[in-house]
Amino acid sequence: EKGYKIILSPMWKNFSTEEFWEMLEIQKNAGKKIIFAIGGANGLDYTKLKSVSDMEISVGKMVVPHSLALTILLEQIYRCSEIEKGSGYHK
């Protein structure tokens, strides 16, 4: 798939909500579609995915179920949309 590919894993970089928004804005302004990969019950083949990903990020250092990671990611994406609107919800 073409686009900016981001893998979620507890091993990689943590972002604040504002830093996450800035990273998404850069990709959005570059006209890139953003694609997220979250491991399922058996995880991801990180060796394979890392070679084709553009960035690896973490929602925290602890391992969490993929459904919880998805919920956290969606909440952060919503907070980013609120930052863009200037609503102050993200704080």
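I started with the surface: the accessible surface of the protein chain is about 6000 Å², and 57% of that belongs to carbon and sulfur atoms (Shrake-Rupley method, 1.4 Å probe; for residues, only the protein chains shown count as cover). I'm noting that this is a predicted model, where local features need pLDDT of at least 70, side-chain atom pairs count only at pLDDT 80 or more, and totals for chains, interfaces and linings use all residues. Residues are numbered from 1 along each chain as its sequence is written, and side-chain values use heavy atoms, with hydrogens and water left out.

Next, the fold. I found 3 helices and 3 strands in the protein chain, running β-α-β-α-β-α from the N terminus (DSSP runs: helices are H or I with at least four residues, strands are E with at least two, numbered from the N terminus). The C-alpha trace spans about 40 × 30 × 20 Å along its principal axes.

How much of the chain is buried? Buried residues make up 29% of the 91 residues (buried is under 20% relative accessible area, exposed over 50%, partly exposed in between, with a 1.4 Å probe and protein chains only).

Then I zoomed in on Phe 15. I located Phe 15 in the loop between strand 1 (4-14) and helix 1 (17-29). Phe 15 counts as partly exposed because its relative accessibility is 22%. What does Phe 15 touch, leaving aside neighbours within four places in sequence? I listed Phe 20, Met 23, Met 55 and Ile 57 (contact means heavy atoms within 4.5 Å). I also checked Lys 32, 17 residues from Phe 15 along the chain: their C-alpha atoms are separated by 20 Å.
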